[in-house]
Amino acid sequence: MPGRLLVVSNRIPTGEAPSGGLVVALHDALAERGGVWIGAGPEPGEASEALEVIGRDPYVRLAFTLTETEQHDYYLGFSNSVLWPLCHRRGDLVDLDPDFEAAYRAVNARLARAIAKVLEADDVLWVHDYHLFPLAQALRRLGVTNRIGFFLHIPFPTLTDLAVLPKPSDFARWLASYNLVGFQTRADTARCLEMFRADPRAEFMTDGTVKFEDKIVRLGAFPIGIDTETFARDAEGSEESPFRRDAPEEYLIGVDRLDYSKGLPNRFNAFARYLEERTDPERRPCLVQIAPPTREAVQAYQDIRRELEEISGHINGAYAELDWTPIRYIHRAVDRSRLARIYRHARACLVTSLADGMNLVAKEYVAAQQPDDPGVLILSRFAGAAEDLTDALLVNPYDEADIARAIAVALDMPLEERVDRYESCIQAVRDTDVRRWSKQFLAGLDRTLPSFEWPKDEFSAGWPLSAPDDPLIA
């Protein structure tokens, strides 16, 4: 039987009570199975290969430290100025500063050395997200043979986008060092298979695995969800209006981190188009857009903030009345339980991502609805959630006219149709509940073979190994 579960992520939860779908799922898995959560601490400090204990109940939490330079080059740099835009189809925003790549590799190598010191023979590791792509390879080079799984929470890049990387040939080797690699959608899994299919070092096995050089990796789609029951209870909440005072009579809701991948300018412009084309000028819906800040030190995020402020100001100036503001743009976070109640009373929810791994806002909105009088989900075809929430109003987020039409349809949709669409969507949300997601992934990882290498004479590497000065080489 597998031993402890070691979860590794870029950030580690520091609060006493877990909140958020992913944290709840991993909290439950660790508490049930026993194990360790490893992640970066909240504040930069001195570089060290020691892991600091920051909690022990109900499982151990160990923090590694990033220096200020690593915070800039590894996190804001390679992770969020190279990999994030690359995975979200924005190769034009990639910043190929060589210091970024060097820091990314060095941080993963240092973290691998720290993990190896606390690892036990039968431990199972579960690594999360794009900050840690090379971690398994670094661990393998230290002689670690434990089962290691990886889950990518954002979209998998296309084969063309991967060519933008400084050393694209390394990417497949990073992934092949894991036993199981999980993705949000079947489309992401297909894109990863396409990458291996185009690589002369890869071979597809009859059992569905991929043999890459001397490694075997299994790929699969594991769509993540939310804590459905808890979120639904939060939405029922108190009778007090979530707006407290000055509540809009009729509103649509959008909730997104302020990120260029979320399609917010197109959303605002589409809402303006709806206002311009509405058949009843006396109908005055409000778009409530909550967009908490993120990565504000990155230029692309400063640009999107300025653009949204300009667009919302222009729309409000053109359409507002003394007693009506068309767009309420809130550039800060809103308490989760209050947000659930805002969802519940919204006539529609706009999710217009240009690219998205899953988009849990879509699932939260569905879970928050009143079953006998639900609102309507307007969902981008490019959000991972669209694979399962097929009875949402699916839109092309690049087409402002399409979004404007969907807004009109949603606001005028008869109750019977709204209920039918809701019942289909809520079943899909329940089927992908976050606790089920974590159990399915770990069950799949437990069934994989422990890492082993094929005899060297049974393969011929198509490309050279990394250069000797590569910091991932132990």
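How many bridges join strand 2 (residues 35-40) to strand 4, and do they run parallel or antiparallel? Five bridges join them, and the two strands run parallel. Here, helices (H or I, at least four residues) and strands (E, at least two) are DSSP runs, numbered from the N terminus, and two strands pair if DSSP finds at least two bridges between them.

## Ground rules

This is a predicted model, where local features need pLDDT of at least 70 and side-chain atom pairs count only at pLDDT 80 or more, while totals for chains, interfaces and linings use all residues. Residues are numbered from 1 along each chain as its sequence is written, and side-chain values use heavy atoms, with hydrogens and water left out.

Buried means under 20% relative accessible area, exposed means over 50%, and partly exposed is in between (1.4 Å probe, protein chains only).

Glutamate 52 has alanine 63 of strand 4 as its bridge partner. Strand 3 is joined to strand 4 by a hairpin of four residues.

## Serine 261

Serine 261 sits in the loop between strand 11 (251-255) and helix 9 (264-277). With 3% relative accessibility, serine 261 counts as buried. What does its side chain make a polar contact with? The partner is the side chain of aspartate 259, at 2.7 Å. (A polar contact is a pair of N or O atoms within 3.5 Å; within protein, one must be able to donate a hydrogen and the other to accept it, and residues adjacent in sequence count only if both atoms are side-chain atoms.)

Setting aside neighbours within four places in sequence, serine 261 is in contact (heavy atoms within 4.5 Å) with Trp84, His88, Ser353, Leu354 and Ala355.

## Two loop residues with positive phi

Most residues other than glycine have a negative phi. Arginine 89, which is not a glycine, has a positive phi of about 65°. Arginine 89 is in the loop between helix 2 (68-87) and helix 3, and is partly exposed at 30% relative accessible area.

Glutamate 213 also has a positive phi, near 50°. Its loop runs between strand 9 (210-212) and strand 10 (215-221). Is glutamate 213 buried or exposed? At 7% relative accessibility, glutamate 213 counts as buried.

## The largest cavity

The largest cavity has a volume of about 90 Å³. A cavity is a set of points, on a 1 Å grid over the protein atoms alone, where a 1.4 Å probe fits but cannot get out; lining residues have an atom within 4 Å of a point. Grid points are joined across faces, edges and corners, and a volume is the space filled by probe spheres set on the points.

Helix 14 (415-431) is among the elements that each supply at least two lining residues, and helix 14 gives the most, with four residues. The residues lining this cavity include Tyr365, Asp391, Arg418 and Cys425.

Methods:
On a 1 Å grid over the protein atoms alone, a cavity is a set of points where a 1.4 Å probe fits but cannot get out, and a pocket is an open set with protein on both sides within 12 Å along at least five of seven lines; lining residues have an atom within 4 Å of a point.
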